[in-house]
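The following paragraphs lead the reader through the structure shown here, beginning with a single side chain and then turning to pairs of charged residues.

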Amino acid sequence: MKKIILASFLIVVSFFTYAQPKLGLMVGTGISMNRVKYVDDSFGDITKDGSAFKFKFGLEADFMVSETYAFSTGLIFAPKRAGYTIHPDGGTPYTEDYKVHYLQLPVTLKLFTSELQPDLKAFFQIGFKGEIKLFNEPFEEDYTLIDEFRFFDCSFTGGVGVEYGAGVNTIIYGGIFYDRGLVNIVKSTIATNDLTTKMDMLDLRVGLKF
């Protein structure tokens with residue numbers, strides 16, 4: 001077992017030594033959405049409540065394995081919003097919204113095309129994001145639907161974009177990306193039945209790599 005762990009460690013170290021990273025700063029803005037699943041019961045019914053614009057920012061690193069593909073990761077701060085419309089039996093519907101902030105760790109593969117024109121390439125990116133909850137709170141103190149959110153999430157991510165070589169060691173890039181949540185983020189709720197909520201985000205990003 002120790003030999004397997006040592007061999008795996010040496011392979012990882014060799015990979016990162018061989019594939020010199022390109023580090024970048026990114027910012028993005030997009031639409032934060034959530035999907036809701038709930039079985040109507042004596043408590044009433046619960047559905048999603050719209051969407052909201054959010055900003056994200058962070059660090060990204062591309063480890064170039066060849067000229068056409070790279071392993072891409074990073075650390076990204078991503079605020080999100082979970083919104084609900086509660087339809088109580090015999091009552092008036094009302095809404096509750098919650099702030100949920102995450103630190104994302106992408107694990108993705110980035111595939112590059114040949115040059116579309118000098119110094120300009122397109123890329124396709126696909127993979128997953130592990131997400132650690134940093135903070136959450138209701139928008140209003142009297143909101144009571146959610147008792148607690150889970151401390152983690154995981155999402156599938158995919159997108160397309162372009163990179164432009166603006167100098168010897170400088171690359172400007174941008175694209176459109178979609179994150180689809182895979183985990184129910186609700187840990188406990190006052191609702192009678194199980195309440196499932198999964199977070200999605202569609203965003204535009206721009207960045208600068210060195």
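The side chain of Asn 184 reaches the backbone nitrogen of Val 186 at 3.2 Å, and it also reaches the backbone nitrogen of Thr 197, at 2.8 Å. Polar contacts are pairs of N or O atoms within 3.5 Å; within protein, one atom must be able to donate a hydrogen and the other to accept it, and residues adjacent in sequence count only if both atoms are side-chain atoms.

The model is a predicted one, in which local features need pLDDT of at least 70 and side-chain atom pairs count only at pLDDT 80 or more, whereas totals for chains, interfaces and linings use all residues. Residues are numbered from 1 along each chain as its sequence is written, and side-chain values use heavy atoms, with hydrogens and water left out.

Asn 184 is found in the loop between strand S9 (171–181) and strand S10 (186–189). Strands (E, at least two residues) and helices (H or I, at least four) are DSSP runs, numbered from the N terminus. With a relative accessible area of 18%, Asn 184 is buried; the term buried means under 20% relative accessible area, exposed means over 50%, and partly exposed lies in between (1.4 Å probe, protein chains only). Leaving aside neighbours within four places in sequence, Asn 184 is in contact (heavy atoms within 4.5 Å) with Arg 150, Leu 195, Thr 196, Thr 197 and Lys 198.

How many salt bridges does the model contain? The count comes to 15, where a salt bridge is a side-chain nitrogen of Lys or Arg within 4 Å of a carboxyl oxygen of Asp or Glu.

One of these salt bridges joins Lys 56 and Asp 179, whose closest N and O atoms are 3.5 Å apart. Lys 56 lies in strand S3 (residues 51–64) and Asp 179 in strand S9, so the pair ties together parts that are 123 residues apart in sequence. Both Lys 56 and Asp 179 are buried. These two residues also belong to a network of salt bridges that links Lys 56, Glu 60, Lys 129, Asp 179, Asp 203 and Arg 205.

Lys 110 and Asp 62 meet through their side chains in a salt bridge (3.0 Å, N to O). This pair links distant parts of the chain, with Lys 110 in strand S5 (residues 94–112) and Asp 62 in strand S3, 48 residues apart. Both Lys 110 and Asp 62 are buried.

Glu 131 and Lys 80 likewise form a salt bridge (2.9 Å, N to O). Glu 131 is in strand S6 (residues 120–138) and Lys 80 in strand S4 (residues 69–87), so placed that the pair links distant parts of the chain, 51 residues apart. Both Glu 131 and Lys 80 are buried.
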